[in-house]
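Please keep the sequence and the three-dimensional view at hand while reading.

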Amino acid sequence: MDKLWAGRFAKELDSRANDFNSSIRVDSRMVRQDIKGSIAHATMLGATGILPQAEVDMIVEGLQGILADIDNGSLPIDMTAEDVHMFVENELTRRLGDTGKRLHTARSRNDQVAVDVRLYLRDEADEIKELLKNLILVLADLADENKTVIAPGYTHLQRAQPIAFGHHLAAYAMMFVRDYERVVDAVRRMNVSPLGSCALAGTGYPTDRRMEAALLGFDGITLNSMDGVSDRDFCVELANACALIMTHLSRFSEEVILWASWEFKFIELDDAFSTGSSIMPQKKNPDIAELVRGKSGRVYGNLMALLTMLKGLPLAYNKDMQEDKELIFDSIDTVKDCLAVFAPMLATMRVLPDNMRKAAANGFINATECADYLTRKGLPFRTAYKITGQIVAYCIANAKTLETLSMPEYKEFCDQFEDDIYASVDMQHCIDIRVSEGCAGTSSVEQQVAFLKDYFAE
């Protein structure tokens, strides 16, 4: 297959160099976006009179035919082509002859690549948003179902204060809402058309860049032709959004793994999202969560590779930038795969409230309320804190809890204790007494669930 740039060269490209230079195995997935961009470009060439309308009609019909044949399987993508752009143009030329060669008028592969990548990432971002939406709504339902389930809240992985388990689940939902907004924001800056920037300096043809942008659903055009072909910030921004999604999925996975262990046993994962052992028949492994946690590393690596690839490039286009697609495509694929399996894993898990309640009681996470009780009786907080600490130490030594300690035992530490201490250290009371906006109380969790569900309704 002739190279588009073959006229300047007297020798064929070495086969090893050809394989090294080729990107068709990576960018072939953009074939639909490439054809869509080419149809818009051809339409503009006809509207501006740069090409006769009759030839434009042939080109558009030819491009539509190529796409139809790819979709029905009668036209396989030629993996010996240098890239997807060359494959489409060579196929168009094979079908239309010289008319097919006119498509590249007032266009370079530099702006062609740039527009294809933006179109492709925009489509993929829509899929990521839909997967995030599904996960957020799953978490909203789970939070609602578990708004009265008492669980220990942790700091430093030590039991700290009682919370509603739904509050814990809603915390992750809020992270994913921010992820959703980051993807939306990345698309907003991505959604401008570089088409018409050509190689780097624009063109002498009277093109209508804004027409092309409108045809392709862009909000506007890039305002500097050199920036138009050399900008890959939008790849980095989406890669960064993907990395943060994986951060939150990985943190959540870690907790799912802990919760599913016999040491915690707060949840049980459904058999459909667990695996076993080849030699230990009792095992039920949280492999899905472990894989999600592990895959975060590759997405971080892709982000670092993109930044490193770009950091030393002079303007305008450089072949280094061919590396952008494999990296961002892998990040997108990984995030989509993880989101697609994570939501149903959570939706089918079984929550074990009794185990959470037992862990909450044995962790003395109502100790703060005991200290607050004494403070309300007139003791300085530091004094109340010290007394409560002594009580906790006594309970541990005698296998008791604040709820089971007798009144005479309470009185040994402070004569301010009365029978109402038992209401104060009741776990449900410890949760319900919290009234600050966004707190762990039941009514607050209900408000958080309403926000999550209304977020997409708006």
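1. Basis of the note. The model is a predicted one, in which local features need pLDDT of at least 70 and side-chain atom pairs count only at pLDDT 80 or more, while totals for chains, interfaces and linings use all residues. Residues are numbered from 1 along each chain as its sequence is written, and side-chain values use heavy atoms, with hydrogens and water left out.

2. The largest pocket. Its volume is about 440 Å³. A pocket here is an open set of points on a 1 Å grid over the protein atoms alone, where a 1.4 Å probe fits and protein lies on both sides within 12 Å along at least five of seven lines; lining residues have an atom within 4 Å of a point. The points are joined across faces, edges and corners, and the volume is the space filled by probe spheres set on them.

3. Lining of the pocket. There are 21 lining residues, and G153, Y154, T155, H168 and E255 lie nearest the centre. At least two lining residues come from each of β1 (150-155), β2 (158-164), α8 (165-190) and α11 (233-260). Helices (H or I, at least four residues) and strands (E, at least two) are DSSP runs, numbered from the N terminus.

4. The nonpolar cores. A nonpolar core is a set of buried Ala, Val, Leu, Ile, Met, Phe, Trp, Tyr and Cys residues joined through side-chain atoms within 4.5 Å. Buried means under 20% relative accessible area, exposed over 50%, and partly exposed in between (1.4 Å probe, protein chains only). The largest core has 80 residues, and L121, L249, F252, I267 and L346 have the most contacts inside it. Elements that each supply at least two residues of this core include α7 (109-145), α12 (287-310), α13 (323-348) and α20 (442-457). The most is given by α11, with 16 residues. Apart from this core lies another, of 22 residues, among them I24, I59, V60 and L75.

5. Contacts of L249. Which residues does L249 touch, not counting residues up to four places away in sequence? They are L135, F176, V292, C338, L339 and F342, where contact means heavy atoms within 4.5 Å.

6. Salt bridges. Side chains of opposite charge can pair when their charged atoms come close. With a salt bridge taken as a side-chain nitrogen of Lys or Arg within 4 Å of a carboxyl oxygen of Asp or Glu, the count comes to 33. R350 and E268 meet in one of these (2.8 Å, N to O). R350 lies in strand β6 (residues 350-351) and E268 in strand β5 (residues 267-268), so this pair ties together parts that are 82 residues apart in sequence. Both are partly exposed, R350 at 47% relative accessible area and E268 at 25%.

7. Further salt bridges. R298 and D330 also meet (2.8 Å, N to O); R298 is in helix α12 and D330 in helix α13, so the pair ties together parts 32 residues apart in sequence. Salt bridges that share partners join D69, E91, R94 and R95 into one network. Within helix α7, D126 and K129 are 3 residues apart, about one turn of the helix, and their side chains form a salt bridge (3.6 Å, N to O).

8. A440. This residue is found in the loop between α19 (427-432) and α20 and is buried, with a relative accessible area of 8%. A440 touches I163, A164, H167, I431 and V445, not counting residues up to four places away in sequence. The C-alpha atoms of A440 and A170 are separated by 9.9 Å, although the two residues are 270 residues apart along the chain.

9. Backbone details. Most residues other than glycine have a negative phi, and most peptide bonds are trans. The peptide bond from L315 to A316 is cis, with omega near 10°, and A316 is found in the loop between α12 and α13. K265 has a positive phi of about 50° and counts as buried at 16% relative accessibility. A399 has a positive phi near 55° and counts as exposed at 75% relative accessibility.
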